[in-house]
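Have a look at where the two chains meet before you read on.

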Amino acid sequence: MDIKSMKNYVYWLYCQFELITCSYLMEPWEKLLFYTFNITMLVMVLYTAYIFVSVHISTAFQFFLHLFGNQHENTVSVVK
Amino acid sequence: INHIVHNGGLYKRPFNEDFEETPMLVAVLTYVGYGVLTLFGYLRDFMRQWKIEKCQNATEREEQKDFVPLYQDFENFYNRNLYMRIRDSWNRPICSVPGAKVDMMERVSHDYNWTFTYTGRVIKDIINMGSYNYLGFAQKAGTCQEAAAKVLSQYGAGACSTRQEMGNLDKHEELEKLVARFLGVESAMAYGMGFATNSMNIPALVGKGCLILSDELNHASLVLGARLSGATIRIFKHNNMQSLEKLLKDAIVHGQPRTRRPWKKILILVEGIYSMEGSIVRLPEVIALKKKYKSYLYLDEAHSIGALGPTGRGVVEYFGLSPEDVDVMMGTFTKSFGAAGGYIGGKKELIDYLRTYSHSAVYATSMSPPVVEQIITSMKCIMGEDGTTVGKARVQQLAENTRYFRRRLKEMGFIIYGNEDSPVVPLMLYMPAKIGAFGREMLKRNIGVVVVGFPATPIIESRARFCLSAAHTKEMLDTALKEINEVGDLLQLKYSRHRLVPLLDRPFDETTYEETED
């Protein structure tokens, strides 16, 4: 029964999303357009995060390490 | 803001009015919703203009396209793109008497609310929470109906003339004497239409060189009457006595705008109960201000006559004041008396003047005799003059229903506007999709409600308005409350951040503090 109540909960969350963004009122082709746009934006944001976040995190990590102690190679430039 | 007012003994009872602030997240999400709908509105307008989609709304003809555009303003944009999507919640056709329960014709739309077709089925016994049936006189059987049928067979249905020509029947004289006795004033006059009572009589009372101070949220009939009169109009904030006093002081001190002459008359226009907010006017303070600054008061008791006060005499009796303090008492017979029309009551000289100079008396057809008889019978019933206690029982039942319903809704966690004692209960919805969803879901559960959106309310404060009735039994109210609770959970409408403490069993006295905890 956990799966059923889980599915009901997810469906209820979807209904809330529909009500808040007013896609409850849209005709089917408008909904398609709206969801396609939203999902495209979301996928682009996630892809950008996947590509760039690891680089940013490692450079930030090295910057903080340099700030708190000088124990690593001098060949890495300090990022201000 | 919650406040209980006990200022200087003007109020003989606590005045509990509450307009909870919109939660920030809800306001932001409402704007997001309206933003999305506006973008799609522009898209649809673009498609309609470039003939990608069939244009089903009204447009100008080809020859008129070079003239000033007629349908480009915001109201028309709202109409075609937002109102049309949720239009099935309004103008629903009913096919029985709108009492506590009503029958409705089912209709479907195959092209997203541009046209409707009837399926032929009649939805029976919908609990009616939208009719202004405060004392339950909208009935098709009973003493009122029998008396009206008898008068119909005696006088016919039409009066066929104006009051000043051949339309003044003895029934009208009887009605006016009865209304004057009911209100406790010297004399009264009745008109065929409530809207026309306001819009046609205010021009007869004030003119150029007079000042009208009107509340922010006054009804369209009062606004129209004030504009038609030609007087200067100044608006004070809703039910805000400091704002009104400031305007009165400025008016007395500075006089008319350029000439600095004193104003000929200052008339304050207020309503008894404001139907969109459910708030009651602060009448003791208004009367104190009126007496201090020597101005006149016009009180529109459209929703409060019959619904407030221990014997149903309206907001004047609710506060325990004397009807002689109010210069012009206006009201309608549409809401609590189950008929149609309006009245004005006041001093004999005032009413005699109105009989000669009011536009409505000269040009409007007089009231239809069966309608007059319905008012006479229902008014006698409320006053107790027909020998039974039915009227008093109804007034008490309405007060009990009001208190119970409001308390239960607040306990559930909805945001409810207005005064504790007003039978008009607005429940805040805020988001545009929830307006349509609430109306439809309640109809699925056999309850008919009225939802109100943009032109009648500010754009983010849309609401569902319940009108309680003495004809609603406790079982009906419990059913309705159960369904409202369910729909509230389904649509996430329980925005209130106050938690109401369950009502304690002690009488109200001067030391009662607010019974909410934040």
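1. Start where the chains touch: 21 residues of chain B are in contact with 15 residues of chain A, contact here meaning heavy atoms within 4.5 Å. Keep in mind that this is a predicted model, where local features need pLDDT of at least 70, side-chain atom pairs count only at pLDDT 80 or more, and totals for chains, interfaces and linings use all residues. As for bookkeeping, residues are numbered from 1 along each chain as its sequence is written, chains are lettered from A and ligands numbered from 1 in the order in which they are written, and side-chain values use heavy atoms, with hydrogens and water left out.

2. How much area do chain B and chain A bury between them? About 1800 Å², with 71% of it on carbon and sulfur atoms. Buried area is the accessible area (1.4 Å probe) that two parts lose on being put together, summed over both. On chain B's side, B:Phe40, B:Tyr112 and B:Ala433 supply 28% of the area buried against chain A, more than any other three residues.

3. Chain B and chain A share 3 salt bridges, each a side-chain nitrogen of Lys or Arg within 4 Å of a carboxyl oxygen of Asp or Glu. One to look up is B:Arg85 with A:Glu30, whose closest N and O atoms are 2.9 Å apart.

4. H1(B) gives the most, with 8 residues. Helices (H or I, at least four residues) and strands (E, at least two) are DSSP runs, numbered from the N terminus.

5. On chain A, UniProt's unreviewed entry places a "transmembrane region" at residues 32-53. In the model that span is 100% helix and 0% strand, and its end C-alpha atoms lie 31 Å apart.

6. Chain B itself is divided into domain 1 (23-128 + 389-497) and domain 2 (143-383), with bounds from an automatic or database domain assignment. Their C-alpha centres lie 29 Å apart. The contact takes 19 residues from domain 1 of chain B and 17 residues from domain 2 of chain B, and the two domains bury about 1400 Å² between them, 61% of it on carbon and sulfur atoms.

7. How many salt bridges are there between domain 1 and domain 2 of chain B? The count is 1. Separately, look up B:Glu277 and B:Arg463, which form a salt bridge with the closest N and O atoms 3.1 Å apart. The largest share of domain 1's side, 6 residues, comes from H13(B).

8. Last stop: B:Leu169, in the loop between helix H3 (143-155) and helix H4 (170-183) of chain B. Not counting residues up to four places away in sequence, B:Leu169 touches B:Tyr155 and B:Pro369. B:Leu169 and B:Met367 are 198 residues apart in sequence, yet 9.3 Å apart in space, C-alpha to C-alpha.

Note on methods
UniProt positions renumbered as here; feature names shortened; annotations may be inferred.
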